[in-house]
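User: I would like to learn how to read a chain interface and a sheet from a model. Can we go through them one feature at a time?

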Amino acid sequence: MQADKVIDAKGLACPMPIVKTKKAMDELGSGQILEVHATDKGAKNDLAAWAKSSGHELLEDREEDGALKFWIKKG
Amino acid sequence: MNTATAQGLQVMTAQDVAKMVMNNEELFILDVRNESDFNDWKIEGESIEIINIPYFDLLDGVDPALSKIPESKKVLVVCAKEGSSKFVGEQIVEAGRANVFYLQGGMKTWSEHLEPVKVGDLKAGGELYQFVRIGKGCLSYMIISNGEAAVIDTVRMTSVFDDFAKSHQAKIKHTMDTHLHADHISGGKQLADRVGATYWLPPKDAEEVTFLYNKLEEGQDITVGNTTVKIHPIYSPGHTIGSTSFIVDDRYLLTGDILFVESIGRPDLAGKAEDWVGDLRQTLYDRFAKLSMDLEVLPAHFGKVSELGEQGKVSARLGDLFKQNPGLQIHDEQEFRRTVTENLPPQPNAYQEIRQTNMGKMKPTEDEQQEMEIGPNRCAVHDK
């Protein structure tokens, strides 16, 4: 999937993956896609819940090369 | 509990919180995990007030939380591991609030904390202790007599038992599991191997285990402390086909996951609910009904904090359970069958993998084990 921006939050523990994601998302325009890489297992449920509560759409998530990858579309 | 950081945010350990729950001390908890994790499982207590605001809704400031936090109570911020609770807690302190704490190690540590509670003295000398794993609702037991100890339904934090036995000048000679557990990883085999004790497991639950064990069978008593204390196993199938209970010192009935204080065991976690309903009913309504009603029932789990009694002890007189426990009042066989096979609560987290691990077929890492055990035990039919 083609992302407009990629952020690396690997090795970071909560709350940092979401703090970084939110910051990056604030710089994107509506409809643009952010790709997030993380290793904290808690990030999976948290990113999904955060995206929902902030009006973004979690398009896809999968485990790849030892990292959790997420694609989120800005609402 | 008073180690203030530079910002004024203080630390509370799982032990501090466990003591507060057991002593009914007032505490206000702000749980900052996501809503689904919170709804699945949280810290509970008679005098605990708890609200949930996910930390990611507080990234722009904690104002939405401040109006909901009482100024008069101690405030504990809780998350999965502790990072987010410190992040939120520090901002609450900056907003001018005092008496703000974070839970050291978060819910992961809460899930692992064990609190020993003395059940009673044994007739010929020695004591029986219950270890309350308050975050997950697991109960382990240690019988100590005359320099020897036996541990029943050991959880995987085995050093706690090791240290406790040492501090009571006792050597652990036996570890036994009442059944093959599905909600938590047993530490029985690991502890036995480490301290040179014998590990016992009911053979009917052990058909697929990959390691050596001693067969726990009815009629074969186990003694602790030079035969001063007798542990009498009774075959009591239903939660699993091998489930075995123990009568200790002719006074205590350790029921494993067959009979709890406010519920009874579910027969479905090994996938054989329909087959085992009859066994469960016979154990409860026939075998247990013939035992002395004065036995003190000591189960392997509790489901609700209301089951915690004095000093946090979970126990009840068998005769009282026959009058009050909802699982012992279902006299119609069909109704019993429906109750224990239909509308059951969700299964414990990762229960299939936990069973495989307890058979020795899977060897998860420490981190994976923590992850597998997240959440409540859910071994009772009424744990909704």
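**Interface and sheet**

Analyst: We can start with one pair: the side chains of B:K81 and A:D40 form a salt bridge, at 2.6 Å from N to O. Keep in mind that the model is predicted.

User: How many salt bridges does the rule find across the interface of chain A and chain B?

Analyst: The rule counts a side-chain nitrogen of Lys or Arg within 4 Å of a carboxyl oxygen of Asp or Glu. Between chain A and chain B there are 2 salt bridges.

User: Which elements of chain A supply the side that touches chain B?

Analyst: Helix 1 (16-26) and helix 2 (42-53) of chain A each give at least two residues. Helix 2 of chain A has the largest share, 5 residues. By class, that side of chain A holds 6 nonpolar, 2 polar and 4 charged residues.

User: What area is buried between chain A and chain B?

Analyst: About 1100 Å², with 59% given by carbon and sulfur atoms. Of the area that chain A buries against chain B, A:P15, A:K22 and A:D46 supply 37%, more than any other three residues. The contact takes 12 residues from each of chain A and chain B.

User: In what order do the strands of the open sheet in chain B run?

Analyst: Strands of a sheet pair through backbone hydrogen bonds, either parallel or antiparallel. In chain B, 6 strands lie in the order 13-14-15-16-17-18, with mixed pairing. Strand 13 (222-224) and strand 18 (316-317) of chain B are at the edges with a single partner strand each, so one side of each has no neighbour in the sheet.

User: How do strand 17 and strand 18 of chain B pair?

Analyst: Strand 17 (residues 296-299) of chain B pairs with strand 18 in the antiparallel sense, over 2 bridges. B:V297 is opposite B:A316 of strand 18.

Note on methods:
Residues are numbered from 1 along each chain as its sequence is written. Chains are lettered from A and ligands numbered from 1 in the order in which they are written. This is a predicted model: local features need pLDDT of at least 70, side-chain atom pairs count only at pLDDT 80 or more; totals for chains, interfaces and linings use all residues. Side-chain values use heavy atoms; hydrogens and water are left out. Two strands pair if DSSP finds at least two bridges between them. Helices (H or I, at least four residues) and strands (E, at least two) are DSSP runs, numbered from the N terminus. Contact means heavy atoms within 4.5 Å. Buried area is the accessible area (1.4 Å probe) that two parts lose on being put together, summed over both. Ala, Val, Leu, Ile, Met, Phe, Trp, Tyr, Cys and Pro count as nonpolar, Asp, Glu, Lys and Arg as charged, and the others, Gly among them, as polar.
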